[in-house]
Every structure is written in structure tokens, then in C-alpha cells.
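Let's walk through this model together, one element after another. Keep the sequence beside the 3D view as you read.

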Amino acid sequence: MNILTRIATILGFLGHFPAYALAYLIETLVVIIFGTVAVAGMVYLFRKYMARVQIRVGPNRVGKFGILQVMADGLKLFQKESIMPSGRDDLPYKMAPVIVFIGLMMGFVFIPYGPLVWFGNLTVTHSDVSLVILFALIAIMPIGEILSGITSNNKYAMLGALRGVAKDISFEVPMMLSILSVVIMASANVSNPLDINGIVQAQSIPFIILEPLGFLIFFISMTARASFSPFDMGESDSELVTGNTTEYSGLRFGMFYLGLFGTIFLGSMIISSIYLGGYYGPFVGYFGFIWLMVKTLVLVIISLTVWLTMPRVRIDKFVTFGWKVLLPLSFLQLVVAGFLTLGGIS
Amino acid sequence: MGPQHPSTHGVLRLKLLLDGETVKNVEPVIGYLHRNAEKICELDYYCDSLIYFDRMDYVAAMNMEIGYLEAAEKLLAIEPPERVKWIRVVMAELNRLASHLVWAGAFGLDLGMLTPFFYFFEEREKILNLFTEICGSRQETNYMSIGGVYQDFNDKIIFKIKQFLKQFPKKMEEAYSLFIKNDIFISRTKGIGILEPEVALSYGVTGPMLRASGVPYDVRKDAPYLVYDKLNFDVPISRGKDVLARCIVRFEEMRQSVKILNQALDKIPDGPYFNPKAKKSLMIRLRGEGDVYARTESPKGEFGVHLVGDGTVKPYRLHVRSPAFKNLSILPYLSRDVLIADMVAISGSIDLVFGEVDR
């Protein structure tokens, strides 16, 4: 019994259809709130971790251990005056952060969260093509970034957007190909390999063991998608001030900021679902959600460590790397996955 | 780009002509930190000019003070006691370390590395704490005076410096490995901003920039001042000619500075810490006549001071040969037809301090 049916049963007096519709809405809302809170928590974790790496203390004034610092910063962003550049293209300029934010938050709905004690299965959506929808949503986010760059009438933002485009086209193809090899392997075991839940269930052996190459490619691509160092050419702060977000302030900037951290979090959840067996672990019926979170946190910490130690890659080198290294390797992974599936190993 | 831009150190303004991402032409615009230091020095007593030198290269104030004093003491014919010379060497090398550490941190930031910055600045902070203990001030120390220093060294401070030196190389190498063992760092710096030695010489480039191009020119070695001729150290050069070579040379210089410090601390002789001819009550009566030029090796390069005296208590003319200014002049040449990211790396590798460029 999953959480959706539970809520629907409680709302049963409304009739079948309205009860389910309302239950869906409630759960989506809960997931989005969860996403926001998790991302805020990640910002706190990031700041503490960064401080630890850099021999500093980090936030420690607001609340115990500075836990409320992120909330204080968020409130500050709400209060701030939104300064907008003159000569902007008004509607797309205002839409851009919203696109990024909504694309991110919708992504959270399609993750299979797995069961948690008496709540039952926490997954919101059960679609046979949730993988496709998820990646379509992730592909929407760059549109927001590009829009923000070209409409804010600023040279740095423009250059940042151009770099963003060059970056996106060079990693998305390998990313999709490595996903495809996962789908091929999953198709041997389950009937719905395009559903992330199906992929999770197909992993009697986690795919990271069977497809280490695909995992690496996907991890690099997710890093590039989240655009933090070493792939932060889009907003490289020492060259382009802050790239496409240069002209944003207040809440709109906050949306981009949450978009960055949210992508790391969402990306880590996707990777742990696709390659690390998602919510599978001991006592999966009770603690599946916990397992997913543990795996995600490990990945987040790895990402942050990479972020903090790497210098920025030059954009042309990254494009070359994407097309000449990642792409052939992902084709190789595809072929290997095909053979492994034919050989019955999966 | 600039003058308020995160990658330009201080207040450099660069007019860039871009073709897409490629830099076609760079025109540095300087003068945002101009304080007319040379002219002010001409209106002051010889002993008072030091504070303006502190504020020239504000991350290497000691070296600036020594640069001025070399000229002033030559003009005023005041020889500092032997102990003072050794103390000055110690301070100069400590400050050279501090200056290179600042450079390394800022260079990391230019390339998008946030973390090494803090490692380098932690070490620099230790040096500045030593300075505070010795001279009561962190950066603009105003420690030296004509014919002497403001306060004498004691055993405690020598012990503390030695303690610092004991742990410093390990910490530096650890942070250095973040640079040199990183493939991305190498790919960002290797082969970028190649500076041929002939070009470097014709532009008047000095210091680590020149040595990274393979010219073993170091004033400390070629025209020794203070007691550098009694110390055993090497002049590191590199044949790489690129940004990476400049990085390697600067780190090697830090190792050599540690070597110099270790020798110098053991050899500081006893004696007075100022020349009685230039004690405080007499200082403003010092008169000088003649025309002297003194050069020293500041962390940025050859720092020259030209001092003309007309027999009064104030200099008639003072001119500063600023290494950072000369090194900056090479930037347009180096960043022709490179990407913006490379231009940032190149301008970072020059080690610009605007107090000195603009004076």
C-alpha cells in the first residue's frame, strides 16, 4: 500500500476521483516542499563542509550551529529590492529563473523514493515513461539559463549564456547515451525499463558494477549540468562576474541559486536511483527512503569535494572533451551493455 | 573588464576587444589608485617617505622600504650596522614569502579554485602575526628607518620565526600539490601566455616573470645588496616560458626564501640596531646631495629608486621604477588571440599589485 492510496482512503468521503486528484496534489506539494527543504539543507551542508575544507568555521551565528542561516539568507533575498537592468527583454527576463526553478522542482516528483516505515511507498508518480519525462524536465532548465543570459542586456551574461549552450550540447548526448545503456540492461529484467522505478527494481546487481564507464560519464554530465566547478564556465566568477545571473538580484537570484544546489541534489538522487540501486538496501520495506538519502548524500559530498578542489576547465577544452572523449566512450558503453544483456548478465 | 571586476587584482581596468570568446586586443587602463607618492616624497624629509613606500606594494611593504633605504642611505652616506642588514634580509624574505602566498591564492581564484586560497592565506596570516609582534603592524609595517630598524630582534622572535619555518614547507607543498598535481590546472596553464626571453627583456620585464622565461636575472645575485652575497641560495629559472613556468618559479623562490631565512637567522650578529648618526633626534636634519639609483629585488621584480638630493633636508627628485608596472606592459602582447579564460590566467600570472603600478 503506498502513501497515495492511504491519503485517498482518508479522503474517500469525497468520492473516488476527487479523492485521488486531491491526494495527488497534496503529495506533489509535499514533495516540492521536501525538495526545497532538502536543497536548503544542502546549502547549509555545503557551507559547513566548504568551511571545514577551507579551515574556516562556517555559519555559526543564526540558530544552533548556524542551522537557520540558510533561512535567514532566504528571507533576506525575499526582502531585497529586485534591481533589473534597463534594456532587458522583460518577459523572458522574468520567466528565466522561474523556468529553472519549476523544471527542477518538477523533477523531484518523478524520483522513486521507496518505502518508509508505515507511510508506505513515497513515490508520487507511477508512469511507464518517468525516465523520459524526468530528462525532458532537466533539459528545460538550460533554456532558462540561456534566456536569462540573452535577455539581460549584459555582456558577461551574454558570454555566459553562449558558454552554457556550448557546454550543454557537448554533454547531453553522452548523458542520454549512457542512460540508454542502462535502459537496455534493465529491459532484460523488467517490463518497464523506461520507468525509473523499473530501473531500480532491475538492479539485482547495482548498475555501477556492471557499467562503471556509464556511471562515470553520467556523473561528469550531471556535474556539468549542475554547472559547478570544474564545469562552471557559464558563471565563472573570475572571468564573467557571475555569467548569466549577473543582472539578477533578490528572489530571482535566489531561484538560480536554489537551481544550482537543487540540480546537485536531484542529480545525485537520479544517479543513486539509476546506478546505485536507489532505495534498495537491507530492510528495504521499511527504510528504502533512508537508503536513497544515504546514497544521495554520499554522492553530494563527492560532488562538493570535486567542486572545492578543482579549477575551472576552459570552455573549448570541455567541448573537445565532450565530443571526442565522452561521446565515443558512451557509444562503447552502449555496445558493452548490449553484449552483456545478450549474454544474460544483468 | 574592470575596474570593479572579480578577476582584476585591485583596480585594473582592461578594455577588451572580443571576437566571440577570443580576445583580439587588450588595453590596460591604469591610474585608479594613483596617489602621487613620488611627489609627496619630494615634499617630505628623507625619513618620512618610508610610509609612502609601505603603501606602494602593500603586500610586500618590507621590500619596498628596503628599496627606498638602499637609495636613501647611499645618498645620505649612512651605513647601517651589520646586525641591521641581517635583520633586513630576514624581513625581506619573510615578506617575499607573504607576497608570493598572496599571489598563489589569488591565482588559484583566477582559475576557479577556491580552496587553496585559504591554505595560502593561513600561512600568510602567520607571517603577518610575526610582523605584528616585531613591528606592531601587519601590512604597512613602517619597520625600518634610515640607518636602522624600529625595534630590535630578540631571541623569542627568532625562535618564533624558526618555528614558523619548520612547519611552513610542509604546508606549502601540500597546497602546492593542489595546483601541480591537477590535470585541469596543468591544462589551463601549460603553453598559455608564452613569453620569449628577448621580448621579455625588450619590455623591461623582471622578476619571476623574466626568470620563468629562462633568464637567470636576480638583483640579489647579480648586484648583491645588504648581505645577500654572504648567503647561499639559487636563482630558480624555468624554460617553460608560460604561465605554468611562472607558477613553478614562484614556488621554487619560496623554497629558496626558506633556505635564506634558515641561514640568516643563525647568522644575525650582535650589535646596535641603528646607526647613531641617524638616531631619532637627528633624523630630520639629514642632508644629502647627489644623484643615486639603487635597485633591489622585490617579489615582483627589480625595484629601482632614483633619488636626487640638492643639499637640503628634502629630496629634489624621487623616481620609482616599478616592476609591476613594467610587467603589466607585457599583458597586451601576451593576450593577443587567446580566450578570455586564458587572459585571466595570464593577468593572474603577472602578479599585479596596484599600489605599485599606479603609485
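The buried residues of helix α12 of chain A are Ile315(A), Phe318(A), Gly322(A), Leu326(A), Ser330(A), Gln333(A) and Ala337(A). Here, buried means that 20 or more other C-beta atoms lie within 10 Å of the residue's own, exposed means 12 or fewer, and partly exposed is in between, with C-beta atoms placed from the backbone. Helices (H or I, at least four residues) and strands (E, at least two) are DSSP runs, numbered from the N terminus. This is a predicted model, in which local features need pLDDT of at least 70 and side-chain atom pairs count only at pLDDT 80 or more, while totals for chains, interfaces and linings use all residues. Residues are numbered from 1 along each chain as its sequence is written, and chains are lettered from A and ligands numbered from 1 in the order in which they are written.

What covers the buried residues of α12(A)? The cover includes α6 (155-187) and α9 (212-226) of chain A, together with α14 of chain B; a contact here means C-beta atoms, placed from the backbone, within 7 Å. The 28 residues of α12(A) (315-342) should span 40 Å at 1.5 Å a residue, and the end C-alpha atoms are 39 Å apart, which agrees. That expected span is 1.5 Å times one less than the number of residues. α12(A) also bends by about 35° at Gly322(A), the bend being the angle between axes fitted to the seven residues ending there and the seven starting there. After the helix comes Gly344(A), with a positive phi near 85°.

Now follow α14 across to chain B. This helix is mostly covered, with 11 of its 11 residues buried; among them are Met343(B), Ser347(B) and Ile350(B). Asp351(B) follows α14(B) and has a positive phi near 65°.

The contact between the chains takes 23 residues from chain B and 23 residues from chain A. On the chain B side, α4 (82-110), α5 (115-135), α7 (183-189) and α14 (340-350) each supply at least two residues. The largest share of that side, four residues, comes from α7(B). Its residues divide into 13 nonpolar, six polar and four charged, where Ala, Val, Leu, Ile, Met, Phe, Trp, Tyr, Cys and Pro count as nonpolar, Asp, Glu, Lys and Arg as charged, and the others, Gly among them, as polar.

Chain B also has an open sheet of three strands, in the order β5-β6-β7 with antiparallel pairing; two strands pair if DSSP finds at least two bridges between them. Its edge strands, each pairing on one side only, are β5 (289-298) and β7 (315-321) of chain B. Between β5(B) and β6(B) (301-310) there are 10 bridges, and Glu297(B) has Glu302(B) as its bridge partner in β6(B).

Elsewhere in chain B, seven bridges join the antiparallel strands β1 (13-19) and β2 (22-29). Their hairpin has two residues between the strands, and Gly20(B) takes a positive phi near 65° there.

Finally, a backbone detail to look for. Most residues other than glycine have a negative phi, and most peptide bonds are trans. Ile55(A), not a glycine, has a positive phi of about 55°. Ile55(A) lies in the loop between α2 (16-53) and α3 (69-79) of chain A, and is exposed because 11 other C-beta atoms lie within 10 Å.

Methods
Two residues are in contact if their C-beta atoms, placed from the backbone, lie within 7 Å.
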